[in-house]
Every structure is written in C-alpha cells, then in structure tokens.
Amino acid sequence: MILEEAAFVALGGVAIATALLALLVRELVHTILWVAVFFVDLAAIYFLLEAPFLGVLQLGVYAGAVTILLLFGVMVTRKRIFSREAATGIGPVPLALALLVIVLVGTAASVVPSSAQPIRPYDVTDLSSTLFVTDGGWLLLLGLTMMGALAGAIYLVREGRE
Amino acid sequence: MVGVRRLEILGGVAVAGLLASLTLVLADLGFAPLAALRTLPAANVDVIPATSALFSFTSLGLVFEGIFLTAALLVALASLSRPSDEKGAAVFFGLLLLATLGMTLAAIAADLIFLLLAVEVVGISTYLLVGYPRRDPRGLEAAMKFYIVGALSTALSFFGASLLFGAYGSTNLVVLSQATGTVGYPALALAGYGLLIAGLGFKLTLVPFHAWAVDVYDGAPTDVTAFLAGGSKKVGLVAFFLLFIGPVSLVVVRPLTCVGGVCPTPFDFAPTLQLALGVVAVVTMTVGNVLALLQREMKRMLAYSSISQAGYMLLGIAVGTAPAIAGATFQVLGHVFMKSGAFLVVAAVAGLGVGPLIDDWRGLGQRRPILATAFALMLLSLAGIPLTVGFLSKFVLFSAAVEAQGYFVWLAVAGVLNSALSVFYYARVLKVMYVDPSPEQVPAPPALPLGGIGYARAAAIAIAVVAIVALGVDPQPVLGGLQSAANHFVLTGP
Amino acid sequence: MFPIISFTLATLLVGTLLTFAAGRWARWVALLTSVVFLGEASIMLLGFTGLPQFGPGGPGFALGESHPWISLGWLTINYTVGLDGISLVLVLLTAFLQIATVIYSWEESKRPSAWFGLVLLTCLGCLGVFVALDILLFFLFWEAVLVPMFFLIAHWGGPRRRYAALKFFIYTHVASVVMLVALFAMAFYSGAASFDFPALYAATHGLAATTQVFLALALFFGFGVKFPVVPFHTWLPDAHVEAPTGGSVLLAGLLLKLGGYGLIRWVVELLPQGISLIAPVLYVVAMVSIVWGSVVSLSQRDLKRMVAYSSINHMGIVLLAIAVHSPVGLMAAVLLMFAHGIVSGLLFMVSGSVHHTYGTRDIPSVGGITPRTPMLATMIMVGSLASLGLPALISFPAEFTALLATWDRLAYWVVIPLVLLVVTAAFYLWMMQRLLFGPSKGGPEVVHDLPFYEGAGMAILVALTVLYGILPGLLVNVIVQSPVTGPFP
Amino acid sequence: MGALDFLFGWAFLVPLFPALAFVLVGLGGTRMKRFEWGGWVAVALSFAAMVVGVLIGVGEMLSPGTYTDTSTVWLTVPGPVGPFPNGFSLVMGTLVDPVSALMLIVVTVVGFLVMLYSIGYMHHDHGLPRYYAELSLFLTAMIGLVLSDNLLEFFLFWELVGVCSYFLIGFYYEKPSAASAAKEAFLVTRVGDVLFLLGVFIYFATYALAGGGAGWAAAGFKFASGNGPFLGSLVTGASSPTLTVAGLMMLAGAAGKSAQFPLHVWLPDAMEGPTTVSALIHAATMVAAGVYLLAVTSLFLGFTPTDQLAIVAVGGFTTFFAATMAVVQPDIKRVIAYSTISQLGYMVLAVGAGFTMVGMFHLFTHAFFKALLFLAAGSVIHAVGTQDLFKMGGLRKHMRVTYVAFLVGALSLSGIPPFAGFFSKDDVLASVYSQLGAHPAYWPFFLLALGAVFLTGYYIFRAFFLAFHGDRPRDAALPAAHEGPWVMRVPLVVLSALAVLAGLFVFAPPFAHLLAPGFTVGGIAPALQGVALGANVPPVYGTTDLALSAVSVALAGGGVLTAWRLWGNGRVYALPEGSPAAPVRRLLLNRYYMKVGYDWIGQRAVYSVARAADFFEQFVIDGTIRGIEGTFARMSDGLRRIQTGVVSDYAAYVVTGVIGLLLLLLFLGPWIVTALGGG
Amino acid sequence: MTAIPPVDFLALSAILLGIGLFGILTRRNFILLLISIEIAMNAAILNFVVFAAYSGTGGGIGGQAVAVVLVGLAATEVAVGLAIVLALNRVRGSINVAEATTLRQ
C-alpha cells in the first residue's frame, strides 16, 4: 500500500537523518535530543513491522531510560550543559569505510527476494512464550549481564575512600 | 576476623567454588577417580542436540569449561596474595566468577544468541574487571578502549547473527550448520558469518580486531590481564568451534558431504570460510609476532605474543579436522598455563618493584632464580621449545594441518615460521634476565612471604610450571582425552 | 637388556640438575657426572656387539629402546633411542669433551654452578641428539643444545658476547626451524606411521626423486648452518671469539658435529636418492667452505678467530666426505668429525689459555712464548700440527680417508682440498712462528705456565689425539659397524 | 727363504729404539739435572738401532730378497671404494729389500754418529731434552719410512720426518730467521706432499682399474715385487696419461723433500738449525727420502717415459743450478747445503734415467761424505763461532782432524778417485750417458750434470781453502780455534773412513748384492728404450766408460785447481768495479731471486687474497645479513606505529577487517577457492 | 500487513549500521561513541524485527524475542559505558578518547 510505503520512506528518512544529526551537531545536548527522536522513530518502524510490544519497549527503554542516562552522562562530564563538542572533521577514510560497509552489507542483503511475504502479526503471548519458556536462557543471560553491570558500575562510579 | 583478611575470605570462597566446579566438570568428563561425583549421565554427553536446544553437553564443551575454570582458578589463587587489603576484592572476585560463569555457559551453547549473550556476560564483566582499580587512569583508559571496541564488536556480532537468522530462520547452531549452503541466501549467510568472525574475533584478538588487546593487557591490573589472556579470550575460540564445526557443520562439509568430489550443495561455502579463517589466522600470527619483536614493555610483548597464539589456535578451526581441533584445544589448554602463568609472574615481579620495561628485568635470574626460571620456562613454552606443552601443542596442531593436506600445509608452514620468529623476542627476555647485569638499586620487596610473592601466588605459578612440564613431557593422558572429545565433537556437534 | 642409553641420559640429567643446585660443590658433581658418563659410554662401547635388526628390513641399531610416547591417531611418536657405530663414536666424543671441559674450567669463578650445569646440559643435549632415533626426540635434544649454549656465550663470553650470542641464536634457530619443517615434511610425505627412524627408513626410500631433492635441500640448509657452510657461517667466528673457552670447546667440538651427524642420519640414510641428486650442490658448497675457511684463516690476527675459520675448512672436508656418499666417505666424515672435535677442542683451550696468560689473543702482539710458557707452547704445537693433518695424530687418517673418498668419486677435483691443505698448514705455521717463536714480546712481565687443571684438560685431548692418531682402527672398527644404508651411487 | 729370515722379522725393532729414546727423553728429560744422561740414552738407543739396522742390512746382503712382515691392520676402509666392493685394509708393516736395506744402513749409521757427535757439539746449548727427543723422533720416523711396506705408511712417516725437520730447523726458535726457515721448509715440502698424496690416489685408482695391481691396492697401497714389470706392460700398451700424472706427482713429492728445482728454496735456509741436524737430516737422510721415494716408485710402480724425462730434467737441471749458487756463498753451511741440492740432483737424474740403484748408490756414498762435510763444518763452527767463510782462515794449524776430515769429504764430493764420491757420481753420469742414444732429450741435462762436476770441485775447495788455509783468521775477533772433544772427533774419523771406502764397497760381493741387477733396472728401462734389458743385464758400475770417467775426473780436478788458484793462499779478493761478473754474482747470491718471488707469492699475493676474503667476509656476507636484519627491524618498527593509542583507530581497524572479510567471503573467496582447486 | 519489500528495511539497517560505524570512527567524545554504538546496535535489532516479520526469509517469533533481549542488553551496555566514562572523567578530567593515549605503541 502506498500509505505504508510512504510511511516507511518517511520513517526511514527520519531515522537516517536523525542518526546523522545526532552525530554531527556540535551541541551535545542537541545530540541527545536527536538521538531521542531517532529512538522514537525506530519505535514507529517497529510498529510498522507489526511488533508493537517491541515498539513500546523501544520507547520505554531507549527513548526513555537510555536517553536520560546519556543526558545524565553529558551533565556529569561537562561543566556546562551546552558545551560544544570540539570540531572534528569528517575524514574521507572513515567515510569511505562506512560507505563500503553499507554497500557490502547491502549487497549481501539484496539477495533477499522482494517476494518475501509478511506473516501474520504475532500475539504477545507468542512472544512471551518464546521469551520466557522456549528461549528463556536468553533472559537468564541478560540477567547475568545486568547483574555484573550493576555491581561493577556502582563500584566504579562510587567515590570510595582509598 | 583476626589475622584473616577480607580479601582472603572472599578469595578463598572464590577459589573453593572454582575448585568444586572444576572437580565436577572433571567428573562429568569421565575422569575415573571422580566417577562418584558425576552429575551428568554419560548418555547425555555428546548427543546431537535438539533444534530448539539452547545448550548441550559435549565433551569438548566440558573440556573448555574445565580450561576456563582452571584459568580462573589460577588467577583467583594468585590474587589471594596481594600486598594490600583492597576494597575492590568483592567486586574483583565477583566479576571474576561471573565472567567465568559466562565462559562456561558459552562453552556449552547450542544456540547462537545464547552463545553471544554468554560472551556478552564475559564482556561486561571483563570491561569492569579491567577498570576496577577505579583510581588508576591506565586501568580506566584500558577499560574504556576495551569497552568501546567490545561494544562495537557486540553490535557487529548481533548484526551478523541477524543476517544468519534472516537466512535460515533460526539461531540454533545445529539448524544453522545443517542448513548452511543448502537453503536460504548464501550471500546473506556469508555476510553474517563475516560479521560474526569480526565480532568474535575481537574476543580472540584476531588481527585486525586485536588492537585493543595490547593496550588493555598493558593497562589492566596484571592479574586481570592473566585472566583475559589465559581465560576470557578463549571464549572466542569456543564460539568459533561452535559456529564452524559440528556434525555437518560448515567446515566439516568437505570430508563429510563431498563424496567422490561431488558436493551436493549448490553453494558450498565451507571452503570459502576456511580460506577466510586461514587468512586471518596467518595474518594474526604474523602481525602478532612481528609486532612483539620490538616491544620494550613486558606486558605489551606478552600481549602481542598472545595475539599470535590466537592465530595458531584459529588455524585449528581453519583446518577443522578432528586432530586440528584437538590440537587447537591442546594449545588453548597449554596457553592457559603459559600465558596466565607468565602474567602472574609479571604481576609478582611488578609487586617486587620492577618496572614495566623488559630491560627492567635485568639480572632477575641472579636475584630471583626460581621465579626467573619459572618465567623462563613459560616463555620457552610459548616459544615452542621441546619438552614444554607449547611445543607439543603446536606440533599437534601443525601436524594436523599437514595431515589435512591441500593448502593447509602452507598454513602449517606459516605457523612453524611464525613460531620460529617468535623465539627471538622470548629469547631476548631470557637474555635480559640471565645475561644482563642486575641494576644497582633493588627496591625492597613487599611484606609477603616467599620474598614478596606470597604463598598463593607461588602456588599458582607452581601449578602452571608443573602443568607446562608435565604436559610437555607426557601429554598422552590429556591429549588422548582431547582427541576423543574432538572426535565426538566433529561427529555430534554442539 | 639393561636400558643403558636411557640410563645414561637419566644420569646426565640428574647430574646436571644436581650441579645446578650444588653451589660451590658444583665442579665436583660435574666431574663425578662426567666420569660416570665416560664409564657409561665405555659400557656402551663394550656392549656394542652386533647390530640387532630393529624392524623388518630396517636398519639395525644396538642397545635400542622404544616406548610409545605420543599418539596422534594417524601418527605415532615413540621414545626411540639406539646406537650404531656412527652415533657411538660421537657419544664417545661427547664424553671425552665433557670431562675435558669440566676439568679445564675447574677454577671457573663466575657462577660456577650455573657454568658447570650448562656445560653438562649442552653435553646432555648432544648425547640425546646422537642417540635419538625419533624425529621429535631428535629435535627436542637439538633445541636443548641451543639454549645452554646461548647462555654460555651470552653470560660468560667476551665483550661483544651479547651480539655474538644473538647471532648464534638467530642462525642456528632459523636453521633448526627449516630442519624441523623438512623433517616433518619428510615424515608426512613418506606416509610413515610414526616418527621412528626404522619406520621412516621403510617409508622414505619410496619417495619420489623430486620430493627427495627438495627435502634433502631443505635439510641440508638446516644442518648446513650448523656445520657451518659458507655463506651461512658468519655466526661461527663471532660466537667463538666471544664465547668462553669451555663454550668454544663444546661449540666446535660438539655442536658443529650435530650438523654432520644430522646430515648423515636424516638425509644420507633416509634420502639416498635425494642426496645423490643434490650432491653437486654439496660439492660446491663444501669446496667453497674449504677454500674460504682456509683462506680467511690466513688473514686472521685473533688466534681464536683463526681456529674458528679453520673449523669451517675442516667441516667443509666433512661435508665433502658426506657428499661423495660412499661408505668410505661416511666413515671418513665421522672420523674427521671425531678428530676435529678433539683437535679443535684442544685448540680452543690453548686459545683461552693464551688469552688469560698473555691478556690477548692477538697473534702479532705476543711473541716468543715458548720459553716463557713451554707447556702452553707445546699444547699449541700439538694442536696445530694435529689440525694441519700430521700423521700419528688423529686428523691424518680422517683427512686421508676423506680425500681418498673424494678422489674415488670426484677424481681431480680432490686437488682443491689438497692444495688447501697447504694453506691450512701455512696459517698454523705462521701463527706458530709469530706466537711461539722469535724473541719474547707482549704479555705481562711475569707469566705462569698452564695451571694444573688446564694442562690436565688439554692433556686428555692430547692423549686422545695421539692414541687415536696411532690407532685409528679403534674408532674405524666401530664406525663401520653402522647399518649405513645404501644404495650408494 | 734362508737362515737369516728371523733377522727381517726384527725390522720393526729398529725404529722402536729411537722411539723409546723419544719417550724417555721427551717425557723424562726435563727432570734430569744433568742432561748429558739423556743425551747418552739417545746415543745408546741409536747405537742399538744401528746394530740391528746394520745386521739387517748385512742379512739382506747375504740373502737378497724382499722380506715383508705385515703385522698390524691400521685401519679398515669400508667398501665399495675404487674397484674394491668390500674395501681394503691399510696395514702397518715392514719391508726389507735391497733398497731399504741400503737406506737403513745409511740412516742408522749416520744417525748414531750424529747423535754421538751432538754430545760434544750441543754441549753448551740449552733445550737439550727437546733436541734429543726430536732427533730421536726423527730417527724413528726416518727408519719407519725406510722400512715402510706400503705407500700410505711411507707417506705417514714422510710427513713425520718433515715435522721433525721443522722442529729441528727451528731449534733456535728465538731467532726469527730460524723460525721463518722452519716454516718455509715445512710449507715448501708440504706443497710436494699434497701432490705426492694426489699421486698416491691416482696410483690407487689406476692400478686398481688395471686389475693387475689388485694385490697392491687391495692390501692397502702395499708394495709387492712384481708391480713394476706389470706397469711396464701397462704403459707400453697405452701410455697412460693418468699414470704419467701420477709419476709427476711422485716427482713433485720428491722434489719437495729432496729440494729439487723449483722447490729447492727451503734447504739453504734450513741451515738455521744446528749443524748436526743439517748433517743428519738435511744432508744424509731426510732429503734423500725424495730420491728414495722415486726409487721405490720406480721399482714397485714404475714410471712412464714422459715421467722419466721429467725426472731427468729436474735432476739434471737442479744439479747444475744449485751448484752455481754454491759458488758464491759466504756461509760454509750454505755452500754445503747447495752442494746437497746439487748432489741430490745427481741421484734424481740417475733414477730418472732408469738406473734406480745407481741413484741409491750415490745416495749411499753421499750420505757419508756429506755428513762428514757437515760435521767437519760443525766442528769449525763449534770452534770459531761463525759460519762466515770470509772471517775464517788458517784453521788447519789448530784443527788437524777436522782439516783432514773436511779434505776427505771435499775430495769425495768432487769425485776424485778413489774416494767414494767418484764411483757413485761416475755411475750416475754413465747411466745417463748410456741412455743418450735412446733419448736425445737427455743431452742437455747430461751436459749440465757434467758442468756441475766442475763447479762442485770448485765450490767445495773454495770453501775448504777459505776456511783452513791462509795464516790466520781474517776476522781477528774470532776465538782461538781448537779441536772438539772425542765424541766429535770419533764420528769424523769414522765418516772419513766411510767416505773413502764406501765407493769401494761395490766391489765387495756381499754389498754388491744390494745393487744387484735384478733390482737395479726393474721393468722401467724396457719401457723407456723399447729394448728389453732383461733381468741379467750387467750392473752399470761394471760398464763404466773410462773415457767418461776421465772427463769427469778432469772436470773435477779442474774445479779443484781453479779453486786453488783463486783461494789457495787463503786471501780474499774483491771483485773489481764494473766487472761483468758482478751482476752474475749478485744474481747468484740472491739465489736467482726465486726466494724473493716465493716470498712475494706467499706474503703478498696469497695474503692479499686472504685479506680481501676477510674483508668480503666481514662487509659483504655479514653486511648483507645485517642489512636484512635491519630491514626487518625497520619494517617491524613501522608496523608498531599502527598502535596509536587512539581507540577510534582501533575501531577503524575493526571496520577495515570487516570490509576485508566481507570482500573475501563474498567475492574473492569463492574465486580463490576455485583457483586452489576446491580447497 | 505491509507490502514493503524486506530489502528496503535491510537497506535501512545497513545504512544505520554504516552511520553507527562512521560515528565510532570519527567522534572523539565518549558519549557520542556510546550513541554511535547504540545506532549500530539498533540496526541489528531492526534486522531481527524485519526478519521476524517476513516469511520466506526464515523468520519467526524468535526474532522479536531476540530484539527484546537486545534492547535490554543495549541499555545495560550504555549503563556500563557511562560508569566507565564517569570514572574516567573523574581521574582524567576528560572524556575525549583521542586524549586517552597513555597506552600506545
């Protein structure tokens, strides 16, 4: 449908643009803002892909928590919030490397036939059964990761008396 | 708690736990004297896992669990001997155990995402372990570099995994290996494998994904470095094993499915992957060795040496036959003792007030003959001098490559030439230790037993030395087990 | 049968370890070990009767032992040791040089326990190389020689010892890697099921001629550097000049022999076709080494350096004798190796004694030492004369048979080594003229003749030089008891 | 064969006596407080050797034949080598035949006499243990050489006598000239030695190939009677160039040892040694070993005609050439040394002409009169402390015995009948003369040999007059001369007697057996002449051409008279300025500049090559390797810089790696795999 | 359901990956590096979701489950990264990665 295609083009364009902007603007706070938009935009794409649960999660975790974390990071590491990132040029080499990656990965992906059909939208229960039963080990491991991250990060950030 | 330090309690618990786990793993491996402790019935080991399984018990996986536990045990044991009762002990041992847990889980993975997540557990723990001396700018800088490259690699790995998932509709390793080349989109899968090689190659310090390792090994607390080099990097190798070798896996496609020169698959890309792995292996060992040649700092030299050793290990994957896998596993096992042991000695020596440069080790042979001899033994083993495990493991590995014929012979030649090259930088250290005169001023050692080394660290080093020599002189008991495990692995896979 | 070879290796190992640990008693332990070793070597000599067949159709080795060691499934590696005449003679050489070196360096004051331990370790490695009949075992001992020698040079050597040690290490190491690769390649390509010499022997003779040529060339490079042959020889003079006396003795007396022995054992016997086909290369290299070693010796001012280059000349003759690939050639080569081992050991000992008696080894700056140190002068004379091939001293029968073998194969090309015998004589005589004769000059005011232990160390070698010079049959009869394996061309 | 066979079994004892002396004196000598005892040990043992040696010689005279006693296998050469599939043994044994018996007598007798003489002559020197030990060792080796029953054993002792000569020439090693002379002697003879060795090899192969000499070679170069005639048939069939080369190599060896042109330069310089050594080694025995080698070779192996011509040429030329240099020498020992070279030339000449035993006969007589001359000269030197003839003079008044002895020696040397030299030299000339018809190329060498007869008479009497005649020493600083002790006089007397009588021995039947025809001509002469002389050709000495004798005596007498005219009054003349003789004299004094040339070759040419080689060694070979090392180091250093420390760069490497991997996997890989043949 | 060909989504994710990599290569501020990594990570997540949504590409609900886990993982990583950057900022006073080059060569 045209509408969906238009939505994809728009959302995709916004995703690319915000990602670029986030990296290229010189005000760090602006960066955070663009990143937030990027995350929201991706959430919209997930909705487009019939993954509403994921879209919500994206909004909550990324657009919410991660953005706040990043902002917090900027605030703590900068004397002034609106300090500028030192200008760094866009070297031709990184640009070329990035473009090459895009081309190569794109080439590999282009073998996927456009005839591939979308499948019916999933139930959230399907997702939950997969997530908590079939592939429950994943979450277990995620939990382990978070546990380590929690302990280590708190220790690292604490001032401590040494 | 009078007389017993906090560090010692925490560490003792860690050591005891690791020791217990190691015992159980050995029991499950079928080590006869421990048969009573066996928790895993023999019938459950080395069976082809279900297509939905997240993990499965293979002999090789158990072997790797044992290897990881051994590495962690050495490091934990040595860490008991620290001069000061640091606050970070809890974090240190906790993260160490967590990383070890992640490694052991990775070793038994049967699912790609499970594997990558387990690797991620290791990753997150080790980033923090590197940075845990939170006042040390070098350690934090190392942690920062480790983190950035690590996170990048994680992203690449998952991106690659997504492509595989897209190609074959599953992340189960058995499904992946059986499906490979027959259905789906070969280019998509190949790109996925490429990204996975990159992402996991980071862990295994393959060139050019290695650059972080030198700085991190250098900047991290040396005991942590011992763990990184001897333990956590091997998780990358396990991942490669699981990804590329199995019952009808990519790499074993060649002997198993090509009958009479006719390969039934329309696009058999196992040779392509083998080639890529072979190229990476050769590049890795060469770059590592060449760069190690001119290093002036001990830890950086050892770091580069570690990189080159990774190249040897990867060679086993590129060859992919059962003897090669046995060889690579033997190499990993040996490397635990050699490299962890070496870094533990470096830590001990640093504790004695010796500087980071190789030249600072002048005259150590006279001042601390036993310590120097232990270190010399480790270096000789790394260099592949006979009667050490380093020689035999390389021998087993390279001979397997030769046995596989084809261009693998040239991989073996490259390996041999590289080990020849490597001898020079190890020999230089020996020269510095034994030949060069001692400096005038020698700082007083810290107040630990055994001249500032401490019993626990001495024990850890002693274990490493004994293992190096024992495995080098009479490898057959262990090697036989590895060969059997490798054979099972090739037949049944993860 | 009593496993005398393993027992000897074990006693030497134990002796070495004890020496390292013995502190100020090190020299006594070392001496005891040497005496025991000599006794064991004698027992081997006595027990060396007949050659039991090692395997079906394989070459026979005496006093052999074989135990499985490592199994790779498709390949077995055994702990296999054994003796034939060739190796036994070199084992004897090892025993002799070890005891002579230990006695000569009796008063070594710089970390004596390490010194004697390393000396013993070097000899242990050489012994192992000579008795090992498995590629891996062979390589193990081969490398085991490298390490202690490196330290002997690097720690006890002269002012440029680090450079020399490194150079020694680089050269021999590169060579040993090539050798290792080629040995393994030989085993793999022949399809032998084990690394055992008998198994290889049964397999390698079937290798295609081209394969044999490549393998033989690679192995020749590997062993040739140890010889050393021109142009891979430049490590030798530096190593010798900087090495301590005992180190030089072992280096020239034993380490150079490893190359010759390896070439015979692993190339000539296993790749007869290959060695025949590459023989022209060997001839050229040998001739160049002979000429080069001798001519360059002539211009040397440093006594030790001169002796070092003369070693290149002599080892060139050894190579020539091996290259002609005939029974008499091999016999001559082994005899000459033994001879050169004893004689060059003696010459390096006198060089060392000249150095610490007169403070320099620069030939032109010392003169007329005969009246001042008659014992030392006598030793120099005996050594020089033996080295230039005087009859009744040990080199003569060896050089004679070597040249006879050369003549037998190469006819008039033998003129080259013959003429170079004159040059060899020339530099020794010129050295004696300048150093021993003429009016006294150079050196300290008061000099003392050889201390007892140095004299005794040399005397052992002189006695051997004379004994085997007069009765070379004692050695030859052992050497020819080798299942040296044709087919000879 | 006879009742005396047991004697030949004792032959091995002869060298053992001096060997025992060597051991006793060499090991125990320094412990003896008064060394005369050691000297007397050596004398006693050399006397024992002489007794047994002469007994064996007499035995051979009484019962001529070839007696071998091969007792010891020295070493076994494994086969196949040459044509021997099972190899062969090198043995050590003794062989007594007429040639070796003759030589044995010479060596033991002169050896004993010189040893005895040394007691007096060397009395004041230090280093006597060394002297007697080395001299005893020399005797051992020389006797061993004489009694060798195979060519290898021969070579072994040949080298040993060379090294003894080396030590004894360098006895006064503090003198740089002595040390240099010793080295020179060794090296020059070494050149001959290696060529000799080559000759041995060639004979080995050739005889073996021909099959007929299998017995010779199979037993390890062993001499056996009958090989010579075999060669005769071999070479007449096809004049083998190989055998010719072998013969030439033997000649080269002989030329080195016997100081024949062009390897003669060392012998005059060898006079740096004690005079006793000159007498024994450099006059009577060792230098004669070259001739002995040629004799043995001609008897057992044979020479081709080309070889014979070469030998004749060398011998004939050397005879005259050396004599010319003797004419102007101011040093008494050097005069005699050049004379020795010249006389050795006669011997070589005779052997070359095919008359082996004639050469040996001259060797026999020469040994006595030349030893006599040397010992007499030694007596003079002992008395006046100089060797310079121009400083001596008028010694006859003080040294009657020496005077007479020298005179006898000089007459014998000049070939004045009935002294020993006359007979042997006459035979030599006659032997060549007898071959002239067959081989016109011999003519110039015959004439040179004749000319040398004149020169001989002149130079030896020049020395004689200068030393003994006149009123008083020309150098007033010389000490008052006196005769030596009895140990010095006795040898002079004995040798004088021998110098007179030795020539007459040929007429004594038992002795004549040694020179009997069956051994004299062997199979060589037929090969040379194409005429079968057969086994019963009358001995040459019986056919001496009287006219030839007369000419030679006249020439010798002319020489003596010329010397009398010029020097008889003991006065010294200076050559007038601008005399045409001056450049000649300079040329002769400088020994035709050959020594200069050799020194240039040795010290400049060869040494320069050696220096250049050393330079090449250090800068090119080693430099190349250092360059390679340096390149590697620089490469490694460059690579090291990629570790910038900036984590972004590390990430860039990762991304580059990703790109590389993707390229490899997606595009290059399949292509390479195909190219590799399917992996 | 949408008719958008999956290739389009895959192209988008490839571009996002490229942008993320580009950011990692060029940016020097640690926070920006974190953001770049998150962009790359999101590209991977997007891929999983895309493949989960289409048949014929394998697919399956597992893809979404992975995406869920990855979202959590990414957040954890950010937290760890921030901890490191804070500690680094404390001892070095800078979060410019180009200045943290004590360890080099």
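V49(E) touches Y46(A), L49(A), A51(A) and L54(A) of chain A, as well as G63(E), Q64(E) and A67(E) of chain E, leaving aside residues up to four places away in sequence. Contact here requires C-beta atoms, placed from the backbone, within 7 Å. The model is predicted: local features need pLDDT of at least 70, side-chain atom pairs count only at pLDDT 80 or more, and totals for chains, interfaces and linings use all residues. Residues are numbered from 1 along each chain as its sequence is written, while chains are lettered from A and ligands numbered from 1 in the order in which they are written.

Chain E meets chain A through 66 residues, against 75 residues of chain A. On the chain E side, α1 (6–26), α2 (30–53) and α3 (61–92) each give two or more residues. Helices are DSSP runs (H or I, at least four residues), numbered from the N terminus. The most comes from α3(E), with 22 residues. This side holds 46 nonpolar, 16 polar and four charged residues. Ala, Val, Leu, Ile, Met, Phe, Trp, Tyr, Cys and Pro count as nonpolar, Asp, Glu, Lys and Arg as charged, and the others, Gly among them, as polar.

Chain D also contacts chain A. Eight residues of chain D are in contact with seven of chain A. The chain D side has seven nonpolar residues, one polar and no charged ones.

The largest nonpolar core has 797 residues, and V49(E) and I84(E) are among the members that touch the most others. Such a core joins buried Ala, Val, Leu, Ile, Met, Phe, Trp, Tyr and Cys residues through C-beta atoms within 7 Å; buried means 20 or more other C-beta atoms within 10 Å. Its largest share, 21 residues, comes from α3(E).

Key. Two residues are in contact if their C-beta atoms, placed from the backbone, lie within 7 Å. A residue is buried if 20 or more other C-beta atoms lie within 10 Å of its own, exposed if 12 or fewer, and partly exposed in between; C-beta atoms are placed from the backbone.
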